[in-house]
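Take a walk through this protein, one region at a time.

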Amino acid sequence: MIYQSTRNNSEQVNSAQAVVKGIADDGGLYMLKDFSELNFDYKSVLNLTSMETAEKVLSALLDDFSKEDMHRMVEEAYRGRFETDELTPLVKVGDNFVLELFRGPTSAFKDVALSMLPRLMTQGRKLLGKEKDTVILTATSGDTGKAALEGFHDVEGIKIIVFYPDGGVSAVQKAQMVTQEGNNVCVCAVKGNFDDAQTGVKNAFADFRNSGIDSVELSSANSINIGRLAPQVVYYFTAYSSLVKSGEIKVGDKINFVVPTGNFGDILAGYFAKCMGLPVNKLICASNANNILTDFITTGIYDRRRDFYKTISPSMDILVSSNLERLLYLLSDGNADEVAGYMKDLNEKGIYKVSDKLLSRIQESFTAAYCDDETTLKTIKEVYDKENYLCDTHTAVAMRAALDSNTEGKTVVLSTASPYKFPVAVLSALGEKPDDNEFRVMDKINEITGVAIPKNLSGLETKKVLHTDVIEKDKLTEYVLKKVAQKKW
Ligand SMILES: *Cc1c(COP(=O)(O)O)cnc(C)c1O
């Protein structure tokens, strides 16, 4: 099976290379040209467990990995590491269904993909005969860092360095990262904001390339890697199976998914599932006040020349959604020149407009909605009062879209974080005044609602701090080079 760059059809790789390289040399993203060659029969997974479904779906998308290896990797990634072996349970909430993606080791939906990616990378490197160690560099605004640390710690042949903005993450997020155990992990605060950390990481990649050091290879764990998208396709199938098993739908009935969206990875995985034959009516793209995708899906104009808002659903505070490029590629029937043109306009002018044909194809599968912080808080309260279900802020944005939608068919809302990951906003939504100490805020939510605090979050306050490095924002390269030279971390 061939993956090719969204910007140049002659840049082609197999699935193992796509995972190991992450991004194409021309800056494009690796993508299948179409899904029909997969010949995937969704009915064949309806009676399987979540982990069996993962094996089938991942083997279909990444066919260079043997069935035996895929089985082993799925077991290592998921068995005993999630709160339930179902991995991502589906819960009925009023007339809708909530797909809980946050039952993993760090209580964030990114666990689903970041538990699997390190294993795919290691195995991919073996298949390609690469022997050097890989060092993963990640800048995080909070959630990705911990999920990556949890996924990569103690994985053979890989080391990981996570940079977070000093004072720029919540107390809980910081505690999650600085207590991370493992002999191949390193966590470092950067004096600056998230953009400084991210720019520092980008510069470190460039500086490293120019340094001539070739004892290790650098790589990243961000969501443009196809090895992060593929594991997310799985839960669209398990959600559907679950509705069939519980008698809510018959095989073949079309359903909708509402996805709280940032970088467009999660919702794109839903579109992959649809392309693989899953009966999906609409994918509803839910945004916060940064509603650039709502505008794009309704008008075909992507205009990033606008204000950026910091909201209470920070993982969706994003103006350039990288994975959208893959959708444009698929829906233009693999027209890499057309896609490259849009991306050039975005870079140079900050705006592009897709063709009418492309827009109408987008609208066949997608609709969009957004809400602001005030409505997000009201929705948390409304759903809690009416249905006795506690949403986090990101999930509430999607829940609002579901409640306001009149699309035909049953609707599944993807829940991307535990309410305990954003406790201050959640407690104030319930009408209480939050304490300064986030751990007390969690206790208070627990007292009021009785919803259990996830184990990985409850013991944090007293866990041993293992990482205390803090550096200036222009010192990332220096730090990385020093680390790379050290034998023992
Ligand atoms: C990353 C994230 C999202 C956005 O997912 P994308 O794949 O980037 O669209 C939504 N909610 C939470 C809690 C996240 O961590």
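Which residues of H15 are buried? Keep in mind that this is a predicted model. The buried residues of H15 are Thr376, Thr379, Ile380, Val383 and Tyr384. Look down the axis of H15: these buried residues fall within an arc of 125°, so they line one face of the helix. Now turn to the other side of H15. There, Glu374, Lys378, Asp385 and Lys386 are exposed.

Helix H15 covers residues 373-387, which makes 15 residues. From its first C-alpha to its last, H15 reaches 21 Å, close to the 21 Å expected at 1.5 Å a residue.

Follow the chain out of H15. Just after this helix comes Asn388, with a positive phi of about 55°. Most residues other than glycine have a negative phi. Asn388 has its positive phi although it is not a glycine. Asn388 lies in the loop between H15 and H16. Is Asn388 buried or exposed? At 59% relative accessibility, it counts as exposed.

Phe264 also deserves a look. Its phi is near 75°, a positive value in a residue other than glycine. Phe264 sits in the loop between strand S10 (255-260) and helix H10 (265-275). With a relative accessible area of 1%, Phe264 is buried. Asn388, for its part, is exposed.

Next, the strands. Start with strand S6, residues 133-139. How many of its residues are buried? Six of its seven residues are, so S6 is mostly covered. Strands of a sheet pair through backbone hydrogen bonds, either parallel or antiparallel. S6 pairs in the parallel sense with strand S9 (residues 216-219), over four bridges. Within that pairing, Val135 has Leu218 in S9 as its bridge partner.

S6 also pairs with strand S7 (residues 158-165), again in the parallel sense, here over six bridges. Leu137 stands opposite Ile161 in S7. Trace the chain between these two strands.

Helix H7 spans residues 171-178. Six of its eight residues are buried, so H7 is largely enclosed by the rest of the structure. The buried ones are Val172, Gln173, Ala175, Gln176, Met177 and Val178. What do they pack against? Their neighbours are H6, S7, strand S8 (185-191), H18 and helix H19 (455-458).

Now find the antiparallel sheet. Three strands form this open sheet, in the order S2-S1-S3. Its edge strands are S2 (8-13) and S3 (30-31), and each pairs on one side only. Strand S1 (residues 3-5) is joined to S3 by two bridges, and the two run antiparallel. Ser5 stands opposite Tyr30 in S3.

One more residue is worth a stop. Thr477 lies in helix H20, residues 476-485. At 17% relative accessibility, Thr477 counts as buried, because the cut-off for buried is under 20%. Which residues does Thr477 touch, leaving out those up to four places away in sequence? They are Asn203, Ala204 and Asp207.

Finally, zoom out to the whole protein. Its secondary structure comes to 20 helices and 16 strands. The radius of gyration is 21 Å, close to the 23 Å that the globule rule gives for 489 residues, so the protein is as compact as a globular protein of that length. Along the principal axes, the C-alpha atoms fill a box of roughly 60 × 55 × 50 Å. Of the 489 residues, 57% count as buried. Contacts reach across the sequence as well. Among those between residues at least 6 apart in sequence, 73% join residues at least 24 apart.

How values were computed:
Residues are numbered from 1 along each chain as its sequence is written. This is a predicted model: local features need pLDDT of at least 70, side-chain atom pairs count only at pLDDT 80 or more; totals for chains, interfaces and linings use all residues. Side-chain values use heavy atoms; hydrogens and water are left out. Buried means under 20% relative accessible area, exposed over 50%, partly exposed in between (1.4 Å probe, protein chains only). Two strands pair if DSSP finds at least two bridges between them. The expected span of a helix is 1.5 Å times one less than its number of residues. The arc is that of the directions from the helix axis to the C-beta atoms. Contact means heavy atoms within 4.5 Å. The radius of gyration is taken over C-alpha atoms; the globule rule is 2.2 Å times the number of residues to the power 0.38.
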